[in-house]
Amino acid sequence: MCTIIVTIRSVLWAVMTIAGSLMILVSLFTNRWLIGGFQVPSNGRSVESTFNNVMDKFSDFAEGRKIDDKIAFGIFLDCVKPEGSLIFEGECIPNLEKLKEQMLSENDNDFPHAWKGGIACFSFGLAIMVFTVVLSLLTPCCRYCFCCSVFTFCGSVQMFSAVLFTLGLLSYPAGWGSRKVVDICGSSQPFYLGECQIGGAYWMAVAGTVCTALASSLTVFAYKSTKSHKTQYRRQDGDKFICVP
């Protein structure tokens, strides 16, 4: 039987890891990254986009949901609201077939190339964070892997995830010059939003990135806490369950 060691700093690291992962996950499936109003259509593509937005509002009305007078976009341009009550405001699931078509398209007006890179960064970084969440729940019993401490390994890959999330956050404003965004925000350009505003989901992704970086830093203190003198004394006494500050 392994020796279970739980410390305040190891618990804090696990909580920060879970919080960062959840913030990124929720922000990705929320259409509150970009908020704008209705614009007068100036071409055929704009008319189609405006019509789709009107139909979305009508669908919300038909299903008894609160109707938003603004147009909201997430990092996924085309997504579908789940049926029934929403878990959180702006919940939106991407249309996988449409997303695959957009990701393979070479036309920046169909889907900004910068956003494609952002989706890749967020997806890869989130996968890493989910893996570290699993490891953080196992560290009270399993604290070493083949090459090094689990804390050291998780700290390294979590910092890499924080870098990926940062790149994803920077890629979003880099795509504001796309025709899709211009139709909503008027005279928008890369890193200039025009008549729109940044939504709460983007700031949630920023908070998730900060939590990820903090979690990476906390691994150092979590590792030291499992090697403290109090912990070693308790292990020498034969304790199998050790809980120390």
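# Loops, packed helices and cores

Arg32 lies in the loop that runs between helix H1 and strand E2 (34–36). Helices and strands here are DSSP runs numbered from the N terminus, a helix having at least four residues and a strand at least two. The model is a predicted one, in which local features need pLDDT of at least 70 and side-chain atom pairs count only at pLDDT 80 or more, while totals for chains, interfaces and linings use all residues. Residues are numbered from 1 along each chain as its sequence is written, and side-chain values use heavy atoms, with hydrogens and water left out.

The side chain of Arg32 makes a polar contact of 2.8 Å with the side chain of Asn31. A polar contact is a pair of N or O atoms within 3.5 Å; within protein, one atom must be able to donate a hydrogen and the other to accept it, and residues adjacent in sequence count only if both atoms are side-chain atoms. Arg32 and Tyr202 are 170 residues apart along the chain, yet 7.2 Å separates their C-alpha atoms.

| Residue | Relative accessibility | Class |
|---|---|---|
| Thr139 | 4% | buried |
| Phe191 | 56% | exposed |
| Ala205 | 0% | buried |

Thr139 sits in the loop between H4 and H5. Its side chain reaches the backbone oxygen of Ser136 at 2.8 Å.

Phe191 belongs to the loop between H6 and strand E6 (197–198). Most residues other than glycine have a negative phi. Phe191 is not a glycine, but its phi is positive, at about 65°.

Ala205 is part of helix H7.

## Two helix pairs

Two packed helices are described by the angle between their axes and the distance between the axes. The axes are lines fitted to C-alpha atoms, for helices over the stretch in contact, and angles run from 0 to 180 degrees between N-to-C directions.

Helix H1 (residues 8–28) packs against helix H7 (residues 200–226) at about 160°, and their axes are 7 Å apart. H1 is therefore roughly antiparallel to H7, a term for angles over 145 degrees. The crossing of these two helices is left-handed, meaning that the near helix is turned anticlockwise from the far one by less than a right angle. The contact of H1 with H7 has 16 nonpolar, nine polar and one charged residues. Asp, Glu, Lys and Arg count as charged, Ala, Val, Leu, Ile, Met, Phe, Trp, Tyr, Cys and Pro as nonpolar, and the others, Gly among them, as polar.

H4 and H5 cross at roughly 155°, and their axes come within 8 Å. These helices are therefore roughly antiparallel to each other, and H4 passes H5 in a left-handed crossing. Their contact has 21 nonpolar and seven polar residues, with no charged residues.

## Nonpolar cores

A nonpolar core is a set of buried Ala, Val, Leu, Ile, Met, Phe, Trp, Tyr and Cys residues joined through side-chain atoms within 4.5 Å. The largest one has 28 residues, and those with the most contacts inside it are Trp33, Leu34, Ile75, Phe122 and Tyr172. The elements giving two or more residues to this core are H1, strand E3 (71–73), helix H4 (113–138), helix H5 (150–174), helix H6 (179–185) and H7. H4 supplies the largest share, five residues. A second, separate core has 10 residues, including Met16, Val150, Ala215 and Leu218.

Definitions and conventions: Angles under 35 degrees count as roughly parallel, over 145 as roughly antiparallel, 65 to 115 as roughly perpendicular and the rest as oblique. Buried means under 20% relative accessible area, exposed over 50%, partly exposed in between (1.4 Å probe, protein chains only).
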